2 protein chains.
Amino acid sequence: MVKESRVDVLIIGAGPSGLMCANALAGAGVDFRIIDNRPIGVPAGQADGIQPRTIEVLQSYGLAEPLLKDGAQMHLCVRTSASRSFHILSSNIDTCAGILQPRTQWRHRTYWPGCRRNGSNSPLSIQGMFCYLASSYLLNVFLQITIAQSTIEALFIDSLKSQGVAVDRPIVPSSLEISEDAEELLNPSSYPVKVVLDHMLPSDTAPEQEIVHAKFVVGADGAHSWVRKTLGFSMDGEQSDYIWGVIDFIPDTDFPDIRNRCAIHSSNGSCMIIPREGDKVRFYLQMSDKDVMDPVTGRIDKAKVTAERLIDVARKTFYPYTVNEPKEVDWCSIYIIGQRVASKFSAKDRVFIAGDACHTHSPKAGQGMNASMNDTHNLGWKLAQVLRGRADISLLKTYELERQKYAQDLIDFDREFSALFSGKPRTSDNEEGVSHEQFLTAFQASGGFSSGIGVHYMPSAIVDTTHQACAPSIIIGQRMLPQIFVRVADARPVEIHDMLPSDTRFKLLVFVGLLTSEQLGKVGRLAEELQLPTSFLQKYDHPAEGKAQSMFDIIPIAAGNKDDVNYLDIPPPFRTHWSKVLIDDTDVTGRLGGGAYERFGIDPKEVTMVVVRPDGYVGMIAPSTAVESIDKYFGSFLIVRQEKP
Amino acid sequence: MVKESRVDVLIIGAGPSGLMCANALAGAGVDFRIIDNRPIGVPAGQADGIQPRTIEVLQSYGLAEPLLKDGAQMHLCVRTSASRSFHILSSNIDTCAGILQPRTQWRHRTYWPGCRRNGSNSPLSIQGMFCYLASSYLLNVFLQITIAQSTIEALFIDSLKSQGVAVDRPIVPSSLEISEDAEELLNPSSYPVKVVLDHMLPSDTAPEQEIVHAKFVVGADGAHSWVRKTLGFSMDGEQSDYIWGVIDFIPDTDFPDIRNRCAIHSSNGSCMIIPREGDKVRFYLQMSDKDVMDPVTGRIDKAKVTAERLIDVARKTFYPYTVNEPKEVDWCSIYIIGQRVASKFSAKDRVFIAGDACHTHSPKAGQGMNASMNDTHNLGWKLAQVLRGRADISLLKTYELERQKYAQDLIDFDREFSALFSGKPRTSDNEEGVSHEQFLTAFQASGGFSSGIGVHYMPSAIVDTTHQACAPSIIIGQRMLPQIFVRVADARPVEIHDMLPSDTRFKLLVFVGLLTSEQLGKVGRLAEELQLPTSFLQKYDHPAEGKAQSMFDIIPIAAGNKDDVNYLDIPPPFRTHWSKVLIDDTDVTGRLGGGAYERFGIDPKEVTMVVVRPDGYVGMIAPSTAVESIDKYFGSFLIVRQEKP
């Protein structure tokens, strides 16, 4: 008797991508299971860089706090060159004139804040001071936070545990079939995917089989993805020749920038230093063939790659600074950079692959874990709405559309960046080498990728750019810009991202403008229009199913002076709670907030609606005169509520 | 057979004061017990205001986060008067010219940030954005946070639980005796206090007796303190005639300032609105005799004070705004304001009283719970050091010295403030009434008390003002000023308060100045001098007992440009960890930090040492040429380490 079971979503793989998926589905109340073939999670090493955008996303699930508390924050990027012939091009150079630097001629440091400022003219937003924790302000400041992958996984696993869910492990899938029945595939209530699982039992016992019938399957099973191979998707791209070693340890060195993200590019080799939580650092070290190859087979000889060997390589690169034998080594490994993207991300919109299963790239730009978690952040709310019967199954097509293009762009960038990093520096002896200027330009231009805020989804069923002109600086298809507003009722400054949780709801930001009596009339009429049974706000919502499963959250944002506005004057349909009425003004200290209408290019004499998707990306914008275009937008993927007889 | 036991410290009473004491002692590794006569803690109501200084203190124990997250933050104080004859004196008045306020003539609002800015010229410090959480920056912004006393108690109880400690309850003490033997009293290892405890058992069973022999006892058993009465201490002060009702509920009203701290002072009565966590608010309502008195006995008739009655009173005060019948009432009560201070806070420096046991005052200035927790914050580290044999038992005399004066000052302020608040407003009919100007002046002048940052301990064994001139703006006897510095090693901005945890250690801030070669020589010679066996840093420290029990923590702070300083140039005795080397410069964004030397009045060409006590108060300051005066300071209350033979 083989056990058989049914589940709405089966997630295969409990790395960051699978766990993010599980967490999103658990929050949405979806029936799912998550399995993994390893008996326990990753103990040490692996990915470690968390981008600003990923922090925003984690915060939108209420999960960013431990990372901000325990992770290493990177405030400085330092580029150090061992060649004296470099010209230093930045205007912010440490002149090294101080008496504190006996080796100044060797040491060039170029300072810039970790992250490129975001495209808007916004000042650094400083929400953290008031709001206890906001994530969005971070992206103007940090390049990234680093923390062990195991800590990230633990974060998700603890969150799942608090929701009564655990990873089933060790379980190995052994077959996967998708129904060919077109009608079955179009019916979101059907279970067209059949997966056979082997429950691994202690030592010599034969595994116990189980047949799972799933509505959907997510394959988040890593670079060697069994799901991908089973579906027959190819990985397109190339393997490079660059070989890198990586080591996590507590350093003992006189190198003064050991606690900064630092690229050392010397003729003896290259090294990237990544400060880690606590006293740890990570080195990425360029290895030569003789260091790692088996001369007979021509393949990497993993036995040759020991911590001692890696520290020896570091020692040469760091010379004349010293690197002493470390007392404690956490983890070390070696890899050859490969940049590849899967040919497809979805089979019949019933089985999806995500994370390393569909894209692999070099770890140095800190992309891997971030792209992986963002894949399933994109997929989670779509699965939830389809499973609830609120959205058409065609919504799922936007997953591949949005994430495959992003993966390809990322890999193109990564290929260029890795080549620069792995190349020898340009010197008088080597005029073909990589110049400091080339490196700097590439590094700085990479801000959109290294911060994660550059993600820009193209027009689709869920990205409608028709009325972009109503708010030219809120780019439709990008994530909503961070901005501090003031709550009218209690004058507390709030970061708008903190009002955009990943709760499967669409957020309707209603910029109600400067509340003259004329404008109040306009706002009132819009509120009435949106109360009509034909309006999207009524047709697609499901009030009987409670707030957690409602489809929309409305946030009115006034212009003007907070002292002149009474929150009770906002029409009740736009004022669902006293804490949701905001104003674009400074807080009581005059230091936070204000200027958003101007910055976004929104006319305070009009009423402008901004639709933010459940994943935080701007889906569409419309003036109050174009309610029908919002109706059309939602009509293209949402299903009209059927009143129960 | 009566059970007998021994304990270093017995804490009687598990309200905020007793729990703060327990938490401080648990953190210090002290052997103690905490008992309470109630079977469970406070369920609702009671004190609710948390001052900025209290947030700093809680944060120094790592406990402030939940409050910042869940508490209501007060950004606006609004003073509303129902009389049209008031002159509005502030220059920041809401002119009420907007079309949104049909009742503008009735409504006067005066805006000012919740809290008086602290005395220094410091800009708002905005550490929160980087440091995940810092408390000190808050005090320039919030008047206070409000949250239920039960939440505060739960915070401490959870923290104690994680350290393996629970409150023993219900236990009622029945006798207390202190030895009269002078020699025994002077020996910190003796157990001169004998307390008999009755363990209360279910229903009809007679209580079980226990005799506890304690080195020290802390009576934190509330306004009707059994410990205080047993010691025979009197409560000096007076009972006022003002009767107030208090009610916690979720309001339903059209009053627009319901979410702000708001004083309504109308001829129909006075009301203070305190926004609370979630949707709750608290009203303090002035009651008339007929509302609450039993006409026969002339005493308060508690049966008359119902939620309905209190809402009726509110309704009159709020007119013409409406207050509808609330759906949910959390708690209500009534009290007569009394301002009293105990005649003594300590018996033979072996039994101490703290919190409401030694001072009672009106709740409206939000002082009670704060003063109570700060009493035992002051006492905790002193008990720990005496019990460890590190400090002379005479150190404990500074508890009464410091806290009794503070309690008296507080009560003098409270008396004045309450009278103003309870008085009728001045109108043309009542020229003797309280003018708006009087009220405003008193309210604003109260910043030192209402923020808690005004606490100023007078010179004593642990407050030495000799070298105040070395840093004129760091007031010796007050808490260390908040200030953002930058960590040299990784350019991360840090708030100095986050480096001053309440861990029983003295913090030595060494302002090493601008690191020219001459200055480096000076710093090096000071480091050498402090390494001599005769130096306080050696004589009083106990390195063999591990870092947690060490006596000093050293934080060097350089002046100048972060790009010119290598943290490795600070002499090793001053550089105990890479994260402790700071510089008075701005962070990479140029927005945080810098200017501290100038603000504090410290000469960057000298070396200046600031001694911060374990409770965060500045104990002394000295130039590098006066190491002997620091030796003398510590010599007056610390005990020289005896090398074990």
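Student: In this predicted model, which residue of β19(A) is the bridge partner of V486(A)?

Tutor: The bridge partner of V486(A) in β19(A) is P493(A). That pair belongs to a set of three bridges, which join strand β18 (residues 484-487) of chain A to β19(A), and the two strands run antiparallel.

Student: In what order do the strands of the open sheet that holds β19 and β18 of chain A follow one another?

Tutor: Seven strands of chain A make up this open sheet, in the order β19-β18-β22-β21-β20-β23-β24, and their pairing is mixed. The edge strands, each of which pairs on one side only, are β19 (493-495) and β24 (618-623) of chain A. Helix α17 (residues 627-635) of chain A lies across β23 (608-612) and β24 of chain A, and the helix runs at about 155° to β24(A).

Student: Which strands stand at the edges of the open sheet of three strands in chain A?

Tutor: That sheet has the order β3-β6-β4 in chain A, with antiparallel pairing. The edges are taken by β3 (49-50) and β4 (72-73) of chain A, and each has a single partner strand, so one side of each is left without a neighbour in the sheet. Two bridges connect β3(A) with strand β6 (residues 145-146) of chain A in the antiparallel sense, and here I50(A) stands opposite I145(A) in β6(A).

Student: How many of the seven residues of strand β13 of chain A are buried?

Tutor: Burial is judged by counting neighbours, and a residue is called buried if 20 or more other C-beta atoms lie within 10 Å of its own. In β13 (residues 281-287) of chain A, six of the seven residues are buried, so the strand is largely enclosed by the rest of the structure. Its antiparallel partner is strand β12 (residues 269-275) of chain A, to which β13(A) is paired over five bridges; one of the bridge pairs is I273(A) with F283(A). The hairpin of these two strands has five residues between them, and G278(A) takes a positive phi near 65° there.

Student: Which residues have a positive phi in chain B without being glycine?

Tutor: Among them are D349(B), with a phi of about 55°, and A491(B), with a phi near 60°. D349(B) is found in the loop between β15 (346-347) and β16 (351-353) of chain B, whereas A491(B) lies in the loop between β18 (484-487) and β19 (493-495) of chain B.

Student: How far apart are the end C-alpha atoms of helix α5 of chain B?

Tutor: They are 20 Å apart, which agrees with the 20 Å that the 14 residues of this helix (residues 149-162) should span at 1.5 Å a residue. Several residues of α5(B) are buried, including I152(B), L155(B) and F156(B), and what covers the buried residues includes α1 (16-27), α3 (65-70) and α10 (368-387) of chain B. The helix is followed by G164(B), whose phi is positive, near 80°.

Student: Where is the cis peptide bond that joins R169(B) to P170(B)?

Tutor: P170(B) is found in the loop between α5 and β7 (171-178) of chain B, and omega of the bond is about -10°. In chain A, the peptide bond from R169(A) to P170(A) is also cis, with omega near -10°.

Notes:
Residues numbered from 1 in each chain as written. Chains lettered and ligands numbered in written order. Predicted model: local features only at pLDDT ≥ 70, side-chain atom pairs only at ≥ 80, totals over all residues. Helix = DSSP H or I, 4+ residues; strand = E, 2+ residues; numbered from the N terminus. Expected span 1.5 Å × (residues − 1). Buried ≥ 20, exposed ≤ 12 C-beta atoms within 10 Å, placed from the backbone. Contact = placed C-beta atoms within 7 Å. Pairing = 2+ DSSP bridges. Axes fitted to C-alpha atoms, helices over the stretch in contact; angles between N-to-C directions.
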